Amino acid sequence: NEYFDLITSNNGLNNVQDLGKSLAECFRTCKKGGHLIFTINLPDTMKEFYGIFQSVLNDQKLENQIEKMKEHIYQKRRPLVEMCELVQHSGFNVEKKIEKSFSYRFVDGPTMLHYFMIREFFMPSWKEIIPEKNVSTLFKEIESRLNQLSKDNGELVLTIPYVCVLCGKK
């Protein structure tokens, strides 16, 4: 109890099973006057990809999968207002929020889809959204549309908005 002066998390909180329990543990172990500082990616992360993903699902009349995709986004990237409410509910005070963004740039769809981070950390959950029999066909179409977007813009850009939140324990 009350051991740490500073607890940090760089995109860790969006990957825990029980966010409330994790925040409560941060609060329990943080000293009075200590801080929790965390970053999280925001819901519009890779909106360029998710727009294409939704369009392909829509074209295939896979409305249930669109809802699964939206739930996947929500589970990994909660809205900032909700995150701040959860942090405050755990006992911390939100003292400062700094919102920024960066971009991933790729030559085309295959480059993006085979990028290590995408392949290892995103692709498995994206494939879970789609019925197994449709995975190959749908990802070929997604790749084709990513290629068209790259051709139209000279590159494929994925926007990653994030926020750094400073929280204090009184």
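## Cysteines

The sulfur of cysteine 167 lies 7.0 Å from the closest cysteine sulfur, which belongs to cysteine 84, and this is too far for a bond. A disulfide would need the two sulfur atoms within 2.5 Å. Cysteine 167 is also buried, with a relative accessible area of 0%. This is a predicted model.

How many disulfides does the structure hold? The count is zero. Cysteine 164 takes part in no disulfide, and its nearest cysteine sulfur, in cysteine 167, is 9.1 Å away. Cysteine 164 is partly exposed, at 24% relative accessible area.

## Salt bridges: the count

Salt bridges are present, and the structure holds nine. Side chains of opposite charge can pair when their charged atoms come close.

## A link between distant parts of the chain

Glutamate 155 and arginine 105 form a salt bridge, with 3.3 Å between the closest N and O atoms. This pair joins distant parts of the chain, its two residues being 50 residues apart. Glutamate 155 sits in the loop between helix H7 (135–153) and strand E4 (156–168). Arginine 105 belongs to strand E3 (residues 93–106).

Arginine 105 is exposed, because its relative accessible area is 54%. The cut-off for exposed is over 50%.

## A pair within helix H7

Helix H7 contains both glutamate 141 and arginine 145. They are four residues apart, about one turn of the helix. Their side chains meet in a salt bridge, at 2.6 Å from N to O.

Glutamate 141 is partly exposed, with a relative accessible area of 32%. Arginine 145 is partly exposed as well, at 23%.

## Arginine 119 and glutamate 120

Another salt bridge forms between glutamate 120 and arginine 119. The closest N and O atoms are 3.4 Å apart. Glutamate 120 has 40% relative accessibility, so it counts as partly exposed. Arginine 119 is partly exposed too, with a relative accessible area of 37%.

## A three-residue network

Which residues are linked in a network of salt bridges? They are Glu2, Lys32 and Lys169.

Definitions and conventions
Residues numbered from 1 in each chain as written. Predicted model: local features only at pLDDT ≥ 70, side-chain atom pairs only at ≥ 80, totals over all residues. Heavy atoms only, no water. Salt bridge = Lys/Arg side-chain N within 4 Å of Asp/Glu carboxyl O. Buried < 20%, exposed > 50% of the residue type's maximum accessible area, 1.4 Å probe, protein only.
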